[in-house]
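Hi there,

Here is the structure I promised to pass on. Could you have it open while you read my notes below?

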Amino acid sequence: VLTDDITKVGATGSDVAINTAYANTTRATIKKNEGYSGETYIDPTTGFQFNIVIPPGLLVNEYFTFKVSRNGVFDLQDSGASTARVEVVIPGVTLLADEVDSVLTIGDEVILDTYDNAGAEPNVGDTYYVTYKYFRTDFKHRLYTRLTDVVRDFGLPNLSNPLALAAKVAFENGTPVVGLKPLPRYTDSTFKAFLATEDLIINPDSATAIPLFKDAFDDIELPFDTSSEARPYVVVPLSDDSQVWSYGKAHVEKMSSIERRMNRYLITGFNTNRKDSLVTERAKNLISNRMMITYPVSAVKDVETSSGVFTPAVVPGWFYGAGIAGLIGDPGTSPSDPLLNKSIQGFKETGISKNPLEYNQIAKEGVTIFVTKNPLVKVRDDLNTDMSSVLTKNPAVTFIADFVENQTELVMNTFVGRPFINTILGAIETKFSAFLQELQRAGIIFSYDSIEVRENENDRTIIELSAGYVPVLGVKHIFVTYRIQGS
């Protein structure tokens with residue numbers, strides 16, 4: 001069913017896409033169900049549309065007629081000359097005929113079968129299911145607590161929907177909430193782009209995608225949820241472009257500065273076709289105690305097809321980062337828990353396997369290594385890219401420092417707004433000491449000392465508080481020496 005309120009879109013030439021010609025055009029001769037080739041019309045109410053490329057022998061602006069019938073037959077004719085017929089089975093389906101094998105003449109008929117017509121014919125009133133694609137217009141970052149909501153917004157978690165797949169991996173590893181920031185996948189949002197999506201999909205590591213990722217980093221400087229002030233901690237870009245990583249590194253360091261106090265940590269990984277030399281080179285050039293680079297460059301994971309069947313697929317290495325993010329976000333994970341030897345759920349195996357010496361050569365540059373220990377994928381080496389000291393190369397030290405800083409702010413905020421009287425310095429010291437003792441009992445810090453509380457010498461509205469602590473570190477190696485004795 002079409003409506004009277006048809007809008008003329010415009011003429012584009014001999015390969016025009018004509019959208020349901022239907023009355024109210026600028027041509028006085030056109031009646032309902034009629035139009036001219038070379039011009040585009042659209043039905044804004046039903047959204048019904050079809051596309052006809054004018055075949056050889058017909059010209060732009062030649063007359064055509066739309067006939068309402070059971071089979072949806074469309075006639076294109078040159079006021080009494082040749083005729084082309086297109087059958088549209090499902091209203092709203094877009095059909096583009098790029099070319100014909102020969103010149104169409106009067107009486108020629110083209111039949112398009114879009115289904116296997118063997119078997120029983122459907123009955124009137126039967127339910128039909130249609131799969132379709134549409135352009136996303138909302139690219140706002142949002143929080144998700146259920147995979148079903150992610151699937152609703154992004155589709156099934158597979159390689160066609162990498163953001164949904166990353167969310168699934170994060171959920172599988174324990175996090176109760178993920179924040180997702182979608183990026184445009186097409187170079188433009190015109191109707192023509194919809195007809196050639198495979199050519200216009202943006203490769204995540206292409207030059208076209210770089211400014212999109214940079215804009216995304218800028219966007220997530222704002223809270224994901226203004227009502228709860230929810231902010232991300234671990235950021236995982238699904239790209240291995242060096243500019244994206246550099247911008248991401250600058251982002252987490254800026255957000256973790258004393259001015260921002262919104263601590264962030266970046267986890268990156270590579271696409272499946274990258275060489276080991278690129279992995280180590282990137283780690284050498286992006287040195288930070290707030291950045292992790294994962295390896296191998298691929299993993300094997302069961303992904304769901306549109307028919308609901310799970311099949312093994314090779315996925316890019318950046319999905320390891322989603323697993324680590326989920327593990328860090330697990331409420332049962334302590335900031336002092338080392339990632340070393342932890343199992344990463346959701347993967348069948350790593351994409352490649354090397355001997356220990358080869359892994360060591362890659363890890364020593366500041367690369368986190370995953371290995372297959374059937375039937376699990378585990379963390380072999382957990383490292384920041386800053387390998388300059390024991391404290392800078394250990395991710396747990398960064399996690400502990402961020403946790404201690406955030407909790408200290410919560411504890412000390414109870415004194416903000418109180419009168420500065422003689423007893424307040426002592427009360428702050430007592431509260432702060434009890435807080436550090438609790439961290440020690442929880443196994444987050446090993447020890448603490450040198451608590452100092454004093455007023456600022458230039459401003460009595462400012463109280464300065466300082467202390468030292470030793471973070472709890474995980475056991476990485478156990479060296480055993482045997483003395484073989486004769487008796």
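Predicted model: local features only at pLDDT ≥ 70, side-chain atom pairs only at ≥ 80, totals over all residues.

Numbering starts from 1 along each chain as its sequence is written, and side-chain values use heavy atoms, with hydrogens and water left out.

Let me start with strand S10 (residues 265–268); strands (E, at least two residues) and helices (H or I, at least four) are DSSP runs, numbered from the N terminus. Tyr 265 and Ile 267 on one face of S10, and Leu 266 and Thr 268 on the other, are all buried (under 20% relative accessible area; exposed is over 50%, partly exposed in between, with a 1.4 Å probe and protein chains only).

S10 runs parallel to strand S9 (residues 234–235), joined by two bridges; strands count as paired if DSSP finds at least two bridges between them. Leu 266 is the bridge partner of Val 235. On the S11 side (residues 291–295), S10 pairs in the parallel sense over three bridges, and here Leu 266 partners Met 291.

Now the backbone. Most peptide bonds are trans, and most residues other than glycine have a negative phi. The bond from Tyr 295 to Pro 296 is cis, with omega near 15°, and Pro 296 sits in the loop between S11 and strand S12 (298–304). Arg 261 has a positive phi of about 55° and lies in the loop between H6 and S10.

Best wishes
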